[in-house]
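User: I have a structure open here and want a quick walk through it. Can we start with the pockets?
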Amino acid sequence: MILDVPYNFHWIEPGEVARSAQAYAGFLGPFLRAHGVQALVNLRGSNPGHFWWRYETRVCRRAGVVHVDAKLNSRQLPTRAMIVALLDAYDASPRPLLIKCSGGQDRTSFAAGLYLLHRHGPRAFALAERQFAPWPYLHWPKRRQRWLKLFFYFARERTSATSSRDWIEKHYSAHEFRSWLEARGEGQSFHGLYGVPGSDTGG
């Protein structure tokens with residue numbers, strides 16, 4: 001479809017789960033219909049004060065597409081609850097499912113990698129890592145966004161004997177992740193912990 005290029009659309013698993021950017025310029029309805037999308041996970045969170053969110057939810061409602069607001073910040077380390085909410089959205093949503101943020105490059109790369117790890121377990125780490133490729137996904141992270149990909153190296157050290165969801169629900173800690181990053185010289189790869197005042201690393 002011609003809109004696939006400007007909307008940075010790609011299948012994560014063909015016919016099941018896909019990723020994209022925000023569908024700007026008023027073509028969301030045709031875009032969703034062209035791919036048979038039944039659910040949309042919005043990684044920008046609930047934003048009723050913004051036109052794009054009101055438009056997106058209105059189009060989904062009229063099309064019978066399930067709309068789920070999740071929340072990720074590309075520069076702040078996520079809480080356990082944020083990641084679990086995303087996994088819950090994956091489990092509850094009908095297919096085909098579309099995951100999107102603003103540009104479909106950074107948060108969406110993280111969410112796509114998380115989906116693969118959740119769906120296929122530790123054997124999917126290599127697949128998850130590929131979701132951060134500059135081409136075709138256009139992931140060129142800024143300095144404070146490098147944690148997104150590094151999360152999967154952190155997770156790989158901790159999930160060899162358990163499922164990713166079990167580890168996240170019972171053991172994941174943004175504070176521990178921060179310490180892990182700092183110990184590896186990556187203290188500048190993020191801009192604090194989400195929702196924690198004064199947690200910036202100061203770089």
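User: Which residues lie nearest the centre of the largest pocket?
Analyst: This is a predicted model. In it, Ser 74, Arg 75, Ser 102, Arg 107 and Gln 145 lie nearest the centre of the largest pocket. They belong to a lining of 14 residues.

User: And how do the lining residues divide into nonpolar, polar and charged?
Analyst: Three are nonpolar, seven are polar and four are charged.

User: What volume does that pocket have?
Analyst: About 160 Å³.

User: New topic, strand E5. Which strands do bridges join to E5?
Analyst: E2, residues 17-20, is joined to E5 by four bridges, and the two run parallel. E3 is also joined to E5 by four bridges, again parallel.

User: What is the bridge partner of Ala 18 in E5?
Analyst: Leu 98. Leu 98 is also the bridge partner of Leu 40.

User: Are the faces of E5 covered or open?
Analyst: Both are covered. Leu 97 and Ile 99 are buried on one side, Leu 98 and Lys 100 on the other.

User: Now helix H3. How many residues does H3 have?
Analyst: H3 has 13, residues 80-92. From first C-alpha to last, H3 reaches 18 Å, close to the 18 Å expected at 1.5 Å a residue.

User: Which H3 residues are buried?
Analyst: Met 82, Ile 83, Val 84, Leu 86, Leu 87, Ala 89 and Tyr 90.

User: What covers the buried residues of H3?
Analyst: The cover includes strands E3 (39-42), E4 (66-69) and E5 (97-100). It also includes helices H4 (107-120), H7 (147-156) and H8 (164-170).

Key: Residues numbered from 1 in each chain as written. Predicted model: local features only at pLDDT ≥ 70, side-chain atom pairs only at ≥ 80, totals over all residues. Heavy atoms only, no water. Expected span 1.5 Å × (residues − 1). Buried < 20%, exposed > 50% of the residue type's maximum accessible area, 1.4 Å probe, protein only. Contact = heavy atoms within 4.5 Å. 1 Å grid on protein atoms, 1.4 Å probe; cavity = no way out; pocket = protein on both sides within 12 Å on 5 of 7 lines; lining within 4 Å. Points joined across faces, edges and corners; volume = space filled by probe spheres on them. Nonpolar A, V, L, I, M, F, W, Y, C, P; charged D, E, K, R; others polar. Pairing = 2+ DSSP bridges.
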